[in-house]
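Hi there,

Here is the structure I promised to pass on. Have a look first, and then read my notes on the ligand sites below.

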Amino acid sequence: MNKSDITNTLDEFGTLLEIKGENPFKSRAFYNASRILATIPDDINRLVEEQEIQNIKGIGKSIASIIEELVSTGKSIEFENLKNEFPTGVFEMLKIPGIGPKKVSFLLYNLKIQSVEELESACKAGKLENAAGFGKKTQENILHGIEFLKKHSSRFLYNVAESSAAEILDILKKQKGVLRAEIAGSLRRRKETIGDIDILVSAQKKYISQLMDVFTSYSSVERFIGKGETKSSVMLKNGINCDLRIVHDNEFPFALNYFTGSKEHNVRLRSIAKDIGLSLNEYGFTIIDSKSKKSSKKNIPTCKTEKDIYKTLGLNYIEPELREDFGEIEASQHNKLPKLITLNDLQGTFHCHTTYSDGKNTLSEMALAAQNIGWKYLGIADHSKVAVYANGLDAKRVTQQLNEIDSLNAKLKNFYIFKGTEVDILPNGELDYSDKILSSFEFVVASVHSNFSLNEKEMTKRIIRALKNKYVTILGHLTGRLLLQREEYQLNKIDIINAAADYGKIIEINSHPMRLDLDWRLCKYAKEKGVKISINPDAHNIKGLNDVRYGVGIARKGWLEKQDVVNTLSVDKIRKLFNKSR
Ligand code: DGT
Ligand code: CA
Ligand code: CA
Ligand code: ZN
């Protein structure tokens, strides 16, 4: 953690204590310590190393030890515990202009408002008009603030940020003087949502300022935010911020590594470097001379690529998707890194909709499109009858569709359409089709599409009951979340994954950019339990088939290898697999 990480954490610490209603003296001590730390010029690492923190006037003993813990481990246990006492919505509410800790405290404890969404409905219902410290005017301001937040400072879906970034990268790569150019940050790590776009370029010195101008005057730029010698920031027309950094080519691998992050991964790398007498930052390695406590540039290992950096640290190369301090450092040290799945490994996919339910393309159009991608098969899974809003199929139309698939399959060469359905899991865990109808399909995706408000126990039981049905092959979009829009329903995900393992069921990674559900954090767990994953597009038209690439990103982020994912298998092997559980 650098100094600004530390002061931010101290400020947050103070804020949380204030929300909690602790003695104001306590939170003020944190704010003061943060301010003092920000103003002293000394290097924070040196201060900690020389045990000087507690001698700084205005920083008490307990806060000093928190700072030491933050610097040496990158975390404070006390802070993490405190943070866990609050719903995550608290941090979002604090971002609303005009909302501080006192107001959040009142909202949280007196009105039981836990998130921006809940606050918005409360304002719209006029519930804050007569609340102490609020009133009609404040209520209006809060609504404006929320609108502003939504538009400007929220996160963005991966696919939206990615297409903006790809466009900019393309333009930059074509400019004179550019040597190397890459997307960094959370986009390179393929996070499910993106805060801002980070682009890194190395260029000949004399072209740098010209390049910055190209960037800031690019047609998709809404406004200019800031410019330094090596960095410019802009806001794009779609509201996303984009940082461009331009470095010397010999700094490029180091800067790429640093700005790819994650922060947590960077912290780990730096500490490994330190253990072997090196100091690592965004510009390069320096050798720490233990006698003079100064770093020197002599005999530094040269690194032309990121791979060289990892090698210097005694590590196997770690793919960007894995850099979350999620066990990848240890795996790299012990030669246990996964060989990540790639888009090319897919031979087909499941869970696609057609005009039989709410899809926009016909069965044959979807099959043809899948063939054109180079796939060997496509699994069709239209909605079941209770999904009236999505034109779900009754028994008669199921028969019709299955017949059409049979006749298409008779004509198709080197391609096979798997007969499936996306059957609704009813509130009690029963399925929307009888076992007899279910048995007429080759595979069954079971999903929750209604009654989201069950409590955790009921929802978990509901889904596990559905998994017990011998005709169910794949569990669809486990949590029902819609990224940036709708929270997941309450459920015990671990229990459900364990049940899938017990019953030999597949769990899908729903690749729709708004879902990306199973979450990558759980993919790794599922894999460890031996649960197989299917990367499904949930496509509602031809174009949607390509969404599997987002699912592959999540699979990679979740440590999955080719053999963990069923749609890397051939038609024959899939058939055997689907039959096995029946
Ligand atoms: P985002 O933009 O919120 O989706 O996530 P990132 O990971 O792209 O974060 P961003 O844009 O703030 O910074 C890009 C990378 O730069 C980040 O992944 C790691 C590195 N970085 C930025 N600030 C710090 C810092 O204060 N300390 C360390 N160690 N690394 C940092
Ligand atoms: Ca970023
Ligand atoms: Ca950034
Ligand atoms: Zn669905």
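What is the site of the calcium ion (ligand 2) like, judged by the angles among its six donor atoms? The site is irregular, with angles of 70 to 167 degrees. Donors here are N, O and S atoms within 2.8 Å of the metal (3.2 Å for Na, K and Ca), and sites may look incomplete because water is not among the atoms. Six donors count as octahedral if opposite donors are over 155 degrees apart and all others between 65 and 115; anything else that is not tetrahedral or square planar is irregular.

Before going on: this is a predicted model, where local features need pLDDT of at least 70, side-chain atom pairs count only at pLDDT 80 or more, and totals for chains, interfaces and linings use all residues. Residues are numbered from 1 along each chain as its sequence is written, chains are lettered from A and ligands numbered from 1 in the order written, and side-chain values use heavy atoms, leaving out hydrogens and water.

Asp 196 (O), Asp 196 (OD) and Asp 198 (OD) coordinate the calcium ion (ligand 2) at 2.2 to 2.6 Å. Asp 196 also coordinates the calcium ion (ligand 3), 3.7 Å from ligand 2.

As for ligand 1, one of its oxygen atoms is 2.8 Å from an N or O atom in the side chain of Arg 155. An oxygen atom of ligand 1 is also 2.7 Å from a polar backbone atom of Gly 195, and a polar side-chain atom of Arg 270 lies 2.6 Å from a nitrogen atom of ligand 1.

Best wishes

Note on methods
Four donors count as tetrahedral if all angles lie between 85 and 135 degrees; four count as square planar and six as octahedral if opposite donors are over 155 degrees apart and all others between 65 and 115; anything else is irregular. A polar contact is a pair of N or O atoms within 3.5 Å; within protein, one must be able to donate a hydrogen and the other to accept it, and residues adjacent in sequence count only if both atoms are side-chain atoms.
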